[in-house]
Amino acid sequence: MGLKNRIIGHFATEEIPPLSAASGNEITSPPPAEKTVPPLAVRALSEPERDWLQKIHQRLMEMIDLSQIGRLDKNQARNKIRELAERIMDELAVPLNVSARQFLAKSIEDEILGLGPIEPLLVEPTIADILVNGSGKIYVERFGKLELTPLRFQNDAHLLNIIDRIVSSVGRRIDESSPMVDARLKDGSRVNAIIPPLAIDGPSLSIRRFTLDRLRMEDLIELNACTQSMADMLIGIVQAQLNILISGGTGSGKTTMLNVLSSYIPANERIITIEDSAELQLQQPHVIRLETRPPNIEGKGEVSMRDLVRNSLRMRPDRIIIGEVRSDEAFDMLQAMNTGHDGSLATVHANTPRDALGRLENMVAMTGLDLPARMVRTQIASAINVVLQLSRLEDGKRKLISIQEIQGMEGDVITMSEIFKFQRKGVDAHGNILGSFKATGIVPKFHESLQKRGIDLPFNLFDPDHGG
């Protein structure tokens, strides 16, 4: 599978042209001939096909024992359903050609054993997100852009049935008394569903695709998400066990960056990951993966992020990786970073590095502890060494737009210095953002500590004229 398909839309909208020979890091737009985004290879049932599907499906359900089908493996079950569907089509003399019959049989397989009309989207490698807005609209995100598909559910009851199939498979339920649920598909994709009365215009389903194909730092450089100089520094700060906070908006590539950075953690270290929904794909041999648990039907048994962070401290971790800091677990994370758990990584939803620190401060306040603001900020400043800011730009591309070092405190303010930044210059005729990565000329304070660890980053790496 090519790099472009392997990315599942995380960092690019198109093939990236070669770097400009003039500047070494200038981002240029490709000529129109190179702007090729392949069309989504799915089609919807026509109205006659939809009518036949309902008739064949009803007849087939009268013929089969689903408990028997459930004992077969996936391929055997699909072959059995397809065989029966084709037999019924022959009996009913369905007036469709061979291609349409095959498509109809596949749709019936998906209806009985899969997730109905969205099943083909789950195997399309270019899709990052599947977004169902009621029964009549199914969107996908591909290459950083939203796209309306021709697919749809028959009605809200049909969509509710598929949602129930997803959540019941993981021991959850969704109904009027519990109208929101988070779940995970067998392939690791994250699912969120919300239904009436909370969802006014009908049931809503959101699926964040999970991919087994991991991006490497080389891929991010090739895709102009960062430069070689930035990558060299990122690898150095991971290996030097600095604490890193990855900040960004929804879909900006925070988890992807977390996966890339974690690949440079030495194999002899004990790593504990803590997530709401397990997405990280660490390759080291000594990894303990922890995942939160929502309350059961009786409202009991919840295990929060804060519970897991606290427990992880008793597990002798070398590094703690938190998939996303959202609430009062921020306090325990900062405590851990300040008590010898160096090299920890975490992500947070924020639009700027400064906002990311403000969010951490607000999260600490959620603990209910009446701590002075200056004390909290001092904890943040001493715990976190580097903040990475990711962004999904208007053209759909993801970029590492800022790397900032936390310097310390001046009065009641946390001081930061920007080491690298993405400097925007405009938009071309195709809507692509023009700009370049630049070093700011500031040599970070951690440069000396990296040298003491044998990690030698040349000073010209931070020279604005070096090219970023």
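Author: A pocket is an open set of points on a 1 Å grid over the protein atoms alone, with protein on both sides within 12 Å along at least five of seven lines; a cavity is a set where a 1.4 Å probe fits but cannot get out, and lining residues have an atom within 4 Å of a point. The model is predicted, so totals for linings use all residues, while local features need pLDDT of at least 70 and side-chain atom pairs 80 or more. Residues are numbered from 1 along each chain, and hydrogens and water are left out of side-chain values.

Reader: Which helix supplies the largest share of the lining of the second largest pocket?

Author: This pocket holds about 840 Å³ of space. Its lining has 25 residues, with Lys74, Leu113, Gly114, Glu119 and Lys186 nearest the centre. α4 (74-92), α5 (98-113) and α6 (156-168) each give at least two residues. The largest share, 4 residues, is from α5.

Reader: How many charged residues line the second largest pocket?

Author: Asp, Glu, Lys and Arg count as charged. Besides 12 nonpolar and 3 polar residues, the lining of this pocket has charged residues numbering 10.

Reader: How much space lies in the second largest cavity?

Author: The model has 4 cavities of 30 Å³ or more. Val309, Ile320, Ile322, Met333, Ala336, Met337, Ser344, Leu345 and Ala346 line the second largest cavity; 8 of these residues are nonpolar, 1 is polar and none is charged. Within that lining, α11 (329-337) is among the elements that supply at least two residues, and its share of 3 is the largest. The space in this cavity is about 50 Å³.

Methods
Grid points are joined across faces, edges and corners, and a volume is the space filled by probe spheres set on the points.
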